[in-house]
Amino acid sequence: MLRAKGVPTAWQVVYNDSGMGHCWTRVPLTRQEAGSRSHRSHLMIRSDLATGRISGIRLDG
C-alpha cells in the first residue's frame with residue numbers, strides 16, 4: 001500500500017437512499033493534515049441498481 005499527502009486515512013460507506021432505479025451512498029473521507037489535525041469531506045455516490053455501476057459522484061455539503 002502506498003501513502004501520499006492528501007490520501008484518505010479512513011472512510012466509511014453509509015446507505016443514504018434509493019429510488020427511480022438508483023441507490024445513493026454517503027462516503028465520509030478523513031485525511032490527516034499537518035500535526036494531529038484531520039479534515040473530513042463527504043461524497044455522495046449514485047449507483048445504478050440494475051447494473052451496480054457508479055453513475056454519479058458529487059461532494060456532499
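H22 counts as buried because its relative accessibility is 18%. Buried means under 20% relative accessible area, exposed over 50%, and partly exposed in between (1.4 Å probe, protein chains only). This is a predicted model: local features need pLDDT of at least 70, side-chain atom pairs count only at pLDDT 80 or more, and totals for chains, interfaces and linings use all residues. Residues are numbered from 1 along each chain as its sequence is written, and side-chain values use heavy atoms, with hydrogens and water left out.

H22 sits in strand β3. Strands (E, at least two residues) are DSSP runs, numbered from the N terminus. The H22 side chain reaches the backbone oxygen of M20 at 3.2 Å.

E33 lies in the loop between β3 and β4. Its relative accessible area is 33%, so E33 is partly exposed. E33 and I54 are 21 residues apart in sequence, and their C-alpha atoms are 29 Å apart in space.

The table lists contacts (heavy atoms within 4.5 Å). Neighbours within four places in sequence are left aside.

| Residue | Relative accessible area | In contact with |
|---|---|---|
| H22 | 18% | D17, R46, S47, D48, L49, S55 |
| E33 | 33% | S38, H39 |

Now the strand pair. Strands β4 (residues 38-48) and β5 run antiparallel, joined by 5 bridges. Two strands pair if DSSP finds at least two bridges between them. L43 has L59 in β5 as its bridge partner. β4 and β5 form a hairpin, with 5 residues between them. In the turn, G52 has a positive phi of about 80°. Strand β5 (residues 54-59) lies largely in the open, because 0 of its 6 residues are buried.

Methods:
Helices (H or I, at least four residues) and strands (E, at least two) are DSSP runs, numbered from the N terminus. A polar contact is a pair of N or O atoms within 3.5 Å; within protein, one must be able to donate a hydrogen and the other to accept it, and residues adjacent in sequence count only if both atoms are side-chain atoms.
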